[in-house]
Amino acid sequence: ANQRFEKIDVLINNAGVMACPKTLTKDGFEMQFGTNHLGHFALTKHLMPLLEAGAGRAGSGRIVNLSSRGHHLSPAQLDDPNFETSEYSPWESYGCSKSANALFTKGLEDRFADNGIHAYAVHPGGIQTNLGRHLTEEDTKFLMERMKKNAGESGSPVVLKSIPQGAATQVWAATASELDGLGGVYCEDCHVAQVDDVSTSGGVRSYALDKGNADRLWAISEQMTGENFA
């Protein structure tokens, strides 16, 4: 905690909440959008000078945003991000925040690739961690039934990853040489996923990498946090 860093080459945004009851952050934001996206937006803004310094030294820098296949549940809620007028659903809100993670990745790539900084959204896989601490018995049943349904459609068994397996794609996105010069993509199982608006067992939805959506989210995020990437 007392260390001072002059440069960093890689930033991994990996913290969040999943399917919690409707709650507000201390700043008054809907909890999942505020924690899973806006917090990462503000943190990245403040660390950007160190990333730019690191990219200058190493020739490139990387930002890895932990998204999720949960983004299949919903596009980002750009008209009502705090669910002030919309009916709140824990899973829809989670999907909105995970789509926001991917759109933030697209926004970063559009703005900072020319500076040698590339961004990646990552789906780690299904892992049993304390991320599910807010899940009710009904939520857990919904999640398992969805996973079984998706697995059945793909012909694959439901398999939860270990924590090291879940970390693998994050580490790959942060270090893999085959990603040099490439960014603004969504990764799963240590590869770049294809855009797919149909499959329930993989791929990234087009709305989660759409430039128009990414630019709208960027503007909303700057307004809500008061942070501007000058």
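Relative accessible area under 20% is termed buried, over 50% exposed and in between partly exposed, with a 1.4 Å probe and protein chains only. At 33% relative accessibility, cysteine 190 therefore counts as partly exposed. The model is predicted, so that local features need pLDDT of at least 70 and side-chain atom pairs count only at pLDDT 80 or more, while totals for chains, interfaces and linings use all residues. Residues are numbered from 1 along each chain as its sequence is written, and side-chain values use heavy atoms, with hydrogens and water left out.

Cysteine 190 is located in the loop between strand E4 (185-188) and strand E5 (191-192); helices (H or I, at least four residues) and strands (E, at least two) are DSSP runs numbered from the N terminus. The phi of cysteine 190 is near 60°, a positive value in a residue other than glycine. Most residues other than glycine have a negative phi. A positive phi, of about 55°, is also found at phenylalanine 83, again not a glycine. This phenylalanine 83 belongs to the loop between strand E2 (61-66) and helix H2 (90-112) and is buried, its relative accessible area being 2%.

Eight aromatic pairs are present in the structure. Rings of Phe, Tyr and Trp (its six-membered ring) pair if their centres lie within 6.5 Å, and planes under 30 degrees apart count as stacked, over 60 as edge-to-face and the rest as tilted. Phenylalanine 83 and tyrosine 88 form an edge-to-face pair, because their ring centres are 5.4 Å apart and their planes stand at 80°. Tyrosine 88 is buried, with a relative accessible area of 16%. The pair of tryptophan 218 and phenylalanine 229 is tilted, because the centres are 4.8 Å apart and the planes are at 55°. Tryptophan 218 lies in helix H5 and phenylalanine 229 in the segment after H5, so this pair ties together parts eleven residues apart in sequence. Tryptophan 218 and phenylalanine 229 are both buried.

Ring pairs join Trp218 and Phe229 with Phe41, Phe104 and Phe112 in a cluster. The charged end of arginine 111 sits over the ring of tryptophan 218, 4.1 Å from its centre; the criterion is NZ of Lys or CZ of Arg within 6 Å of the ring centre and within 35 degrees of the ring normal.

Helix H1 (residues 31-58) and helix H5 (residues 211-225) have axes that come within 10 Å and cross at roughly 90°. H1 is therefore roughly perpendicular to H5, a term for angles of 65 to 115 degrees. Axes are lines fitted to C-alpha atoms, for helices over the stretch in contact, and angles run from 0 to 180 degrees between N-to-C directions. On the H1 side, Phe33, His37, Leu38 and Phe41 meet Leu217, Trp218, Ser221, Glu222, Met224 and Thr225 of H5. The residues of this contact comprise six nonpolar, three polar and one charged.

Threonine 25 is placed in the loop between strand E1 (10-13) and H1 and is buried at 15% relative accessibility. Apart from its neighbours within four places in sequence, threonine 25 is in contact (heavy atoms within 4.5 Å) with Glu30, Met31, Gly34 and Thr35. Valine 159, in the loop between helix H3 (137-154) and helix H4 (163-175), is exposed, with a relative accessible area of 59%. From valine 159 to arginine 69 the separation is 90 residues in sequence and 15 Å in space, C-alpha to C-alpha.

Methods
Parallel < 35°, antiparallel > 145°, perpendicular 65-115°, else oblique. Nonpolar A, V, L, I, M, F, W, Y, C, P; charged D, E, K, R; others polar.
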